[in-house]
Amino acid sequence: MARQKKLLRDNYHQARWDESIIFELSVPGERGVLVPCACQNIVSQVGDGVSAIPANLRRKRAPALPEVNQMRVNRHFYHLSQETLGTDVTLGISEGTCTMKYSPKVQEHMAARHPGIVNVHPLQDPDTMQGMLEIYYQVEQFLKEISGMDAFSLQPGGGAHGVYTNASMIRAYHRARGDNKRTEIITTMFSHPCDAATPNTAGFKVITLMPDESGYPDLEAMKAALSERTAGIMITNPEDTGIYNPRIEEYVKAAHAVGALCSYDQANANGMLGIHRAREAGFDMCHFNLHKTFSAPHGCMGPATGAIGVKEFLKPFLPVPRVEFDGQKYILNSNYPESIGKVRSYFGNANVVLKSYMWIMQHGAEGLKEAAICSVLNNQYFMKKIAAIPGVVIWYAKGKRRLEQVRYSWEKLKQDTGVGTDDVNKRIVDYGIEHYWTSHHPWVVPEPFTLEPCESYNKEDLDEYVEVLQQISKEAYADANFVKAAPHKAASHRPTHEAIDDAELIAVTWRQYQKKKGKK
Amino acid sequence: MKKLGVIVNPIAGMGGRVGLKGSDGIEILQKAREMGAEPESPRRAIEALKIIAKLKNEIRVLAYPDEMGADECRQAGLDPEVIGSIESGETSPEDTMEAAREMAERGVDLILFAGGDGTARNIYTAIGPEIPVLGIPAGVKIHSAVYAINPRSAGEVASLYLQGQVVNIREAEVMDIDEEAFRQGRVNARLYGYLKVPVERRVQSVKSGARSEQAEVEGMAAEVVANMEKDTLYVIGPGTTTRTIMERLELPNTLLGVDVVLNRELVDSDVGEKQLFHLLNQHKGKARIVVTAIGGQGHVFGRGNQQISPRVIRLVGKNNIIVVASREKLVALQPHPLLVDTGDPDLDQELSGYVRVVTGWEDSIMYRISNDAD
């Protein structure tokens with residue numbers, strides 16, 4: 001029995017606080033914390049502490065920080081938090097491709113409070129941080145087992161950073177063999193855009209494959225693109241559409257046949273844990289986003305970890321230092337002359353690695369597999385319900401199941417009523433649900449929306465989400481203009497495209513804001 | 001208050017339902033009527049105008065009399081200001097041209113018209129590319145790219161534009177075919193020019209880091225130019241996409257014609273087929289052809305660039321063809337392939353398959369080329 005009788009929160013209303021920017025709250029002289037003066041014997045030893053800094057490095061004026069008392073600051077940020085919808089107050093199902101699962105709070109507590117974590121500094125002697133290094137080492141062993149790869153690096157600070165690192169290793173591998181002709185990387189339209197963007201940043205030309213009629217990357221097109229110039233293929237599976245490519249081995253074989261390497265983007269491996277491995281699919285390298293599948297919170301640009309895994313023959317190229325066990329203790333080993341070097345300061349985001357370690361340990365091998373099975377099962381139930389909503393179309397591969405997420409389309413709703421995906425997305429927040437992820441650019445599927453009901457959500461959660469979309473569809477057919485004028489109950493109305501896109505209008509610092517608003 | 005001009009070509013689309021392939025020419029029109037053809041465009045215009053009627057208090061609407069716009073506006077619930085004069089039941093292309101001219105003089109912000117390729121061409125001839133226009137598709141044969149996908153979409157996009165909401169303005173091809181030849185089974189479509197058309201943006205906002213289409217096309221031009229080989233003769237086909245390559249080279253460009261470049265210098269402008277063939281024969285080294293997809297159906301050869309004839313293509317060689325296009329264009333085209341219709345079926349067959357379309361700086365997409373519009 002559902003614990004909440006009414007699923008649709010039609011009385012929901014978001015707070016609107018008319019809150020000023022914190023700089024505008026500034027009152028000269030007001031303080032949040034009164035820092036005590038240094039005591040006499042410190043002063044006698046270090047002086048005023050400022051004159052030791054060379055004159056040309058000293059600022060002439062104090063920084064223009066807002067001067068606000070502590071209570072007001074506290075209230076300010078609570079107000080702002082009430083004007084947003086975050087994962088802890090709403091259903092993260094909206095953020096398809098992001099794998100917004102519930103991350104147990106105990107992980108956060110450990111990362112933020114455990115003295116063995118918060119008091120460790122990466123410049124300490126490794127002998128004095130054996131616990132943290134053990135966690136690194138153990139996570140690497142887990143990921144090796146989960147993927148079938150032979151070695152991992154946890155250094156990259158994000159998913160795209162991981163893909164970039166893999167592209168850099170592809171380059172290093174071919175160069176080490178004296179093969180400098182390989183300048184091209186092949187990816188697919190529905191792979192994450194970083195599979196195109198980061199190899200490009202790493203110096204490769206990028207060739208993209210369009211989907212064929214079934215929604216799979218066009219294999220014949222790939223065969224036509226492969227040559228002695230191909231350095232590698234970098235692809236996602238399942239792609240953004242949620243369609244798993246069962247012929248993935250054929251793609252890998254075709255690429256290997258011309259001497260290219262195969263890199264598997266498994267940023268989101270949530271539907272595959274314990275079921276499918278990069279090694280058996282034939283790949284040479286892969287990556288996982290610890291901040292997706294492995295339950296470190298994902299969002300706001302990090303902190304994150306793009307864990308990259310390789311087969312033995314690519315191990316020499318992995319970033320250094322590597323965390324290794326010499327039989328007695330854990331060490332940081334930088335003695336890899338062919339390594340591409342360091343890709344991140346120190347050895348990456350330790351607190352993300354810690355949270356993933358905890359999550360894996362809480363689940364165990366069987367638990368990981370169960371998480372994958374539940375996420376796939378959730379998606380099957382969810383997709384069936386959503387496909388029945390008037391106005392929804394599921395693009396490609398008719399009758400085929402999707403794995404853990406689905407790229408849906410409101411194209412029919414748009415044709416029938418003029419209400420498109422942006423409109424529905426503005427209305428959804430009126431029911432207390434976070435705006436959903438439409439699609440990466442470009443919109444190959446028209447009027448797209450991408451939902452991912454991870455294993456954390458139960459039937460009641462899924463039903464609530466479905467009910468909201470059903471309601472909006474009903475509203476669109478009855479009164480399209482009402483939906484197009486949404487949101488009606490959210491903290492902010494529709495921002496214009498210019499406000500989001502136009503570099504001339506965007507201000508990310510107070511100084512820019514004043515300049516662009518003509519206040520200074 | 002924004003001003004909208006409405007022009008309906010009341011006879012567009014009449015030939016289609018009775019299998020006549022177009023309705024240009026009085027005799028054909030007569031024939032179509034005898035065969036029981038019903039005008040297609042008024043119904044479609046009304047469908048689009050009904051959506052715009054929601055803005056009736058926020059905009060001014062100018063329309064040509066009777067069936068050329070005023071009737072449709074009223075039926076859709078709009079109260080248009082009627083300008084000009086026509087002989088009802090006897091309208092002609094000249095009326096369309098006159099309507100466009102008068103609306104331009106009165107400073108309309110957008111002309112919404114219902115018709116086919118001929119109508120678009122008439123408007124282009126009358127007023128050129130200055131005022132944004134948008135077509136409601138009603139014609140039998142639409143090669144031009146100035147039309148919305150369907151009447152509803154035309155109404156939606158026009159409404160957004162008139163409300164000052166952000167839509168992109170794109171230069172879109174005006175193409176028309178010789179209907180007489182078409183009825184005899186030959187397609188001879190010419191590229192007449194470009195009109196400015198508002199299009200609804202179908203891309204995600206800043207979060208996805210989407211580059212603007214213009215930036216991508218400029219990247220494409222930089223890519224093509226950076227890879228230009230010494231002593232290779234470059235045949236640059238018509239279109240706004242290929243124009244960016246000439247701009248990148250800082251060379252004068254023929255938008256609707258073919259230009260020839262060697263070692264980053266202009267060899268000849270707006271060459272005809274014979275001149276092109278002659279230049280290629282005289283040139284000792286390698287040659288390459290740079291073309292883009294022309295028109296709403298994505299023709300790489302055979303529409304608007306007939307100067308690049310089968311013998312020219314054969315001389316240059318299949319492997320020396322560079323196809324360029326924006327990502328947006330290919331995405332809009334899929335699942336349909338790019339098309340070739342050179343007039344030489346064997347060559348079309350040879351050209352079919354996969355091509356690597358240059359879409360940006362160090363960026364390309366594998367796309368299918370077909371000799372058969374499926």
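Predicted model: local features only at pLDDT ≥ 70, side-chain atom pairs only at ≥ 80, totals over all residues.

Burial first: I call a residue buried if 20 or more other C-beta atoms lie within 10 Å of its own, exposed if 12 or fewer, and partly exposed in between, with C-beta atoms placed from the backbone. Residues are numbered from 1 along each chain as its sequence is written, and chains are lettered from A and ligands numbered from 1 in the order in which they are written.

**Entry 1: a helix in chain B**

I picked helix H5 of chain B, residues 93-105. Helices (H or I, at least four residues) and strands (E, at least two) are DSSP runs, numbered from the N terminus. H5(B) has 13 residues and spans 19 Å from first C-alpha to last, close to the 18 Å expected at 1.5 Å a residue (the expectation is 1.5 Å times one less than the number of residues).

Which residues of H5(B) are buried? I get Asp95(B), Thr96(B), Ala99(B), Ala100(B) and Met103(B). Down the axis of H5(B) they fall within an arc of 135°, so they line one face of the helix; the arc is taken over directions from the helix axis to the C-beta atoms. Exposed Glu94(B) and Glu105(B) sit on the face turned away from that buried side.

Next I checked what the buried residues of H5(B) pack against: strands S1 (2-8), S2 (59-63) and S4 (110-115), plus helix H6 (117-127), in chain B. Contact here means C-beta atoms, placed from the backbone, within 7 Å. Just after H5(B), Gly107(B) has a positive phi of about 70°.

**Entry 2: where the chains touch**

I find 28 residues from chain A and 25 residues from chain B in the contact. On the chain A side, S3 (205-209), H8 (219-225) and H15 (497-501) each supply at least two residues, and S3(A) has the largest share with five.

How do S3(A) and S16(B) (residues 363-370) pair, parallel or antiparallel? They run parallel over four bridges; pairing takes at least two DSSP bridges. Thr208(A) has Ile365(B) as its bridge partner.

**Entry 3: domains of chain B**

The domain assignment gives chain B domain 1 (2-199) and domain 2 (208-370), with bounds from an automatic or database assignment. I see 14 residues of domain 1 in contact with eleven of domain 2. On the domain 1 side, S6(B) (168-177) and S7(B) (189-199) give two or more residues, and the largest share, five, is from S7(B).

Key
Contact = placed C-beta atoms within 7 Å.
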